[in-house]
Amino acid sequence: MVRAQRLWVWIMVAAIVGLAAPRRANAACLFNCTYTKTRFPIVLAHGLAGFDKVFGTVEYFFGIPEALRDGGAEVYVTQVSAYNTSEERGEQLLAQIEQIVATSGKPKVNIIGHSQGGLDARYVAAVRPDLVASVTTVGTPNGTDPLVDAVVSAYDSGQGFGALLQIFGPSIVDLVVLVTDSDQPEDSIGAFRSLTTPAMAEFNARYPQGLPTTPCGQGPAVVNGIHYYSWGGTGVLTNPLDVSDPLLALFSPLTSGPNDGFVGRCSTHLGQVIRDNYLLNHFDEVNQIAGLRSPFVVDPRSIYRDHANRLKNAGL
C-alpha cells in the first residue's frame, strides 16, 4: 500500500509539471533564421534514467529542440533504455540513427549526448564512424566518477543506504518506465556497474576517440573525421525553487573536486572542451527542472544554439 501511494504521488507530480510546462507556438522566424542550420541533423541523446518526454509532454531536453529548430536546425530526440550499459544503449541509439539517416536523406548526424548519453554517442561514433559528423558530450562522465563507485559499493554491501537501494531501486525503475512509456529493456544494476571506475577504464580502452591524454586536459578535436566537443558545469544549488537541487547537494560531496552534483569537472572533458565550469548543475545542463536555474547564468538553450552555430561554421 505504501509503495502504491508513493507511486501515485510521483504520477501526480509529473502530471502537474506537464500541465505547467510552457507550450510554444510554431511562430514564423523573424531573425537569425539560419543560425542553427547545420549541414547534418542534430540528434539529442538522453542520460541515465532519461527519456524523450514524460507523459508525452515534459521534454528531457526542456525547450532545447524548439530553440534549435527556431534557428533552422533539423533536430531528432532519441529514446533508449533509461537504465542499461552504454554499449547496449549505444546499440539502441545506433538503430535510431540509422533510421534518422534514412528519413532525413543526410548521410551523417551531429550527436549531442547528456550524461550517459554522451557515452552512448561515443560508442556509436566508434563502431559506425561513417554515420557521425560530430559528438558533443554534456556533463558526461568520460573519466572516473567516484559517486558511482560509492553507490555500487553501498548496494553490494546491502547495509544502510545500500539496503534502501535494494528495496526501492526496482520501484524507481518501474516508475521511470511507466511515466516515459519506454519499451526498451532495462537493467539498472548493469547500468551503474558499467559506470564504475574499472568498467569505464575498459570502455575508454575500447573507445578512446577524443579522450584527453593528460589529467583534465583536452583530447584530439578530430578523430577519423569526426569532431569531438564537450562542456559541463560546476553548479550544484542553483535555484531554491528547484526540487532536484537538494538531491544534487546530497551526492556532490561524493564526487571529487568541482562538479555539477553528479559528474566532476575534469571527467567531462572530451575533444575540444568548450567550457567545463558553467554555473549549471547536472539537470540545469538540459534546462531542467522546467527551466529553473540560477538567474546569473546564461540560458542553457542559448548554449545549445551557440554550439549548433559552431557546428554550422565548421561545415557540420
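Mentor: A residue is called buried under 20% relative accessible area, exposed over 50% and partly exposed in between (1.4 Å probe, protein chains only). This is a predicted model, in which local features need pLDDT of at least 70, side-chain atom pairs count only at pLDDT 80 or more, and totals for chains, interfaces and linings use all residues. Residues are numbered from 1 along each chain as its sequence is written, and side-chain values use heavy atoms, with hydrogens and water left out.

Trainee: Which residues of α10 are buried?

Mentor: In helix α10 (residues 300-313), helices being DSSP runs of H or I of at least four residues and strands runs of E of at least two, numbered from the N terminus, the buried ones are Pro300, Ile303, Tyr304, Arg305, His307, Ala308, Asn309 and Leu311. Their cover includes β1 (42-45), α2 (64-69) and β5 (109-114).

Trainee: What makes Ser115 buried or exposed?

Mentor: Ser115 has a relative accessible area of 11%, and is therefore buried. Ser115 lies in the loop between β5 and α4, and its phi is near 55°, a positive value in a residue other than glycine.

Trainee: How is Cys216 classed?

Mentor: Its relative accessible area is 30%, so Cys216 is partly exposed; this residue is found in the loop between α8 and β7 (222-223).

Trainee: Why are α4 and α8 called roughly parallel?

Mentor: The axes of α4 (residues 116-127) and α8 (residues 197-206) cross at roughly 30°, and angles under 35 degrees count as roughly parallel, over 145 as roughly antiparallel, 65 to 115 as roughly perpendicular and the rest as oblique, so the two helices are roughly parallel to each other. In their contact (heavy atoms within 4.5 Å), Leu119, Arg122 and Tyr123 of α4 meet Met200, Phe203 and Asn204 of α8.

Note on methods. Axes fitted to C-alpha atoms, helices over the stretch in contact; angles between N-to-C directions. Expected span 1.5 Å × (residues − 1).
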